[in-house]
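Please look over the sequence and the structure before reading the points below.

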Amino acid sequence: MTDTTNPNKALWEKGDFSKIADSMRHSGEELVARLGVTPGMKVLDLGCGDGTTALPEARLGADVLGVDIASNLVEAGNRRAATAGLANCRFQEGDASHLDELADGTFDLVVSMFGAMFAPRPQDVAKEMVRVTRPGGRIVMGNWIPNDPTLVAQILKISSSYSPPPPEGFVSPMTWGLEDTVTERFGEAGIGADKIDFSRETWTFESAGPPAELLATFREYYGPTMNAFAAAEANGRTDELQKDLAELFTSQNTSTDPDATSVPATFLQVTVNV
Ligand SMILES: C[S@@+](CC[C@H](N)C(=O)[O-])C[C@H]1O[C@@H](n2cnc3c(N)ncnc32)[C@H](O)[C@@H]1O
């Protein structure tokens with residue numbers, strides 16, 4: 001159910017992010033395969049969506065808790081885990097800005113792929129991620145990078161150019177893609193810069209249809225794009241927005257099959273050794 005009093009929650013309960021996540025399963029599995037997940041490891045997947053990375057973590061034998069602000073995605077995650085027979089993977093609702101229900105030092109590994117970056121009060125998010133990780137544990141975040149030329153950074157940039165200005169005091173989620181800002185946030189959470197590693201990695205969106213079809217899925221089901229189209233429509237700019245995004249999706253498609261789409265997107269991988 002959509003809680004209209006919390007715009008962060010309402011944004012992600014809008015539409016159905018599962019439809020987008022279906023194009024990301026491969027990348028989720030590849031990412032998890034390089035995280036060193038071992039059987040019995042306690043993993044928190046934060047801003048987990050319907051489990052693109054949580055399910056692969058559980059398949060490797062970890063004891064996985066997925067936390068997400070969107071109740072529809074928590075439900076979808078629990079459904080997917082049950083269908084996959086993964087009793088070691090459960091999902092619950094929670095807010096990365098205040099993980100009150102989770103005790104200090106609980107997790108060996110906290111993973112947040114494009115999840116915690118969207119929570120308000122980023123300083124609190126960094127503190128909460130550090131608090132729930134055990135000393136000697138790790139935090140791995142995947143964050144989109146501001147002004148990066150690849151797909152998601154550009155979708156968000158184009159979308160915001162059609163949307164009304166954010167409320168005063170709003171901190172852009174994209175600031176999680178800036179190394180200095182990330183270092184500062186974790187520094188305030190008690191983590192020295194020498195404990196943080198950065199790398200640029202690739203996440204690929206794949207679907208069995210042309211780029212226009214993938215764009216249609218974003219237009220219909222991805223909260224930030226849905227909001228941008230609503231704002232564009234109010235200003236008579238729907239066609240302009242559709243054209244900008246169509247050009248983006250088509251130009252970024254690397255598939256040689258005209259009836260398939262494969263779009264790589266660059267992200268900043270942040271590894272924090274707590
Ligand atoms: C782009 S999706 C990524 C989902 C998932 N990590 C994946 O890779 O498929 C962003 C996710 O972050 C979640 N999210 C946004 N704000 C949040 C918050 N304050 N606390 C927890 N989750 C949040 C959304 O509900 C959504 O599932």
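Which side chains meet in a salt bridge at 2.9 Å, N to O? They are those of Arg121 and Asp124. The model is predicted, and the points below are grouped by topic.

**Salt bridges**

- The whole structure holds 13 salt bridges.
- In the bridge between Arg121 and Asp124, Arg121 is partly exposed because its relative accessibility is 43%. Asp124 also counts as partly exposed, with a relative accessible area of 29%.
- Arg34 pairs with Glu201, and their closest N and O atoms are 3.8 Å apart. This pair links distant parts of the chain, 167 residues apart: Arg34 sits in the loop between α3 (25–33) and β1 (42–46), and Glu201 in strand β6 (residues 196–207).
- Arg34 is partly exposed at 42% relative accessibility, and Glu201 is partly exposed at 22%.
- Arg80 and Asp50 form a salt bridge, again with closest N and O atoms 3.8 Å apart. Arg80 belongs to helix α5 (residues 71–83) and Asp50 to the loop between β1 and α4 (54–59), so the bridge ties together parts that are 30 residues apart in sequence.
- Arg80 is partly exposed, with 25% relative accessibility, whereas Asp50 is buried at 1%.
- A network of salt bridges links Asp22, Arg25, Asp50 and Arg80.

**Ligand site**

- The ligand is surrounded by 21 residues, of which Asn8, Gly47, Asp68, Ala96 and Met113 are the closest.
- A polar backbone atom of Gly47 lies 2.7 Å from a nitrogen atom of the ligand.
- A polar side-chain atom of Asp95 is 2.9 Å from a nitrogen atom of the ligand.
- An N or O atom in the side chain of Thr52 is 3.1 Å from an oxygen atom of the ligand. Taken alone, the ligand exposes 590 Å², and the protein buries 99% of that.

**Asp68**

- Asp68, one of the residues closest to the ligand, is found in strand β2 (residues 63–68).
- Is Asp68 buried or exposed? Asp68 is buried, yet has no salt bridge. The nearest side chain of opposite charge is that of Lys9, 7.9 Å away; a salt bridge requires the atoms to be within 4 Å.
- The side chain of Asp68 does reach two backbone nitrogens: that of Ala70 at 2.9 Å and that of Cys48 at 3.2 Å.
- Leaving out residues up to four places away in sequence, Asp68 touches Gly47, Cys48, Gly49, Leu73, Val74, Gln92, Glu93 and Gly94. Gly47 in this list is also among the residues closest to the ligand.

**Ser18**

- Ser18 is placed in helix α2 (residues 17–21).
- Why does Ser18 count as buried? The reason is its relative accessibility of 12%, given that buried means under 20%.
- Beyond residues up to four places away in sequence, Ser18 touches Arg25, Asp50, Leu73 and Ala76. Arg25 and Asp50 both belong to the salt-bridge network, and Leu73 is also touched by Asp68.
- Ser18 and Thr52 are 34 residues apart in sequence, and their C-alpha atoms are 9.1 Å apart in space. The side chain of Thr52 is the one with an N or O atom 3.1 Å from a ligand oxygen.

How values were computed
Residues are numbered from 1 along each chain as its sequence is written. This is a predicted model: local features need pLDDT of at least 70, side-chain atom pairs count only at pLDDT 80 or more; totals for chains, interfaces and linings use all residues. Side-chain values use heavy atoms; hydrogens and water are left out. Helices (H or I, at least four residues) and strands (E, at least two) are DSSP runs, numbered from the N terminus. Buried means under 20% relative accessible area, exposed over 50%, partly exposed in between (1.4 Å probe, protein chains only). Lys and Arg count as positive and Asp and Glu as negative; His and the chain ends are not counted. A polar contact is a pair of N or O atoms within 3.5 Å; within protein, one must be able to donate a hydrogen and the other to accept it, and residues adjacent in sequence count only if both atoms are side-chain atoms. Contact means heavy atoms within 4.5 Å. A residue is near a molecule or strand if one of its heavy atoms lies within 4 Å of it. Accessible areas come from the Shrake-Rupley method with a 1.4 Å probe; for residues, only the protein chains shown count as cover.
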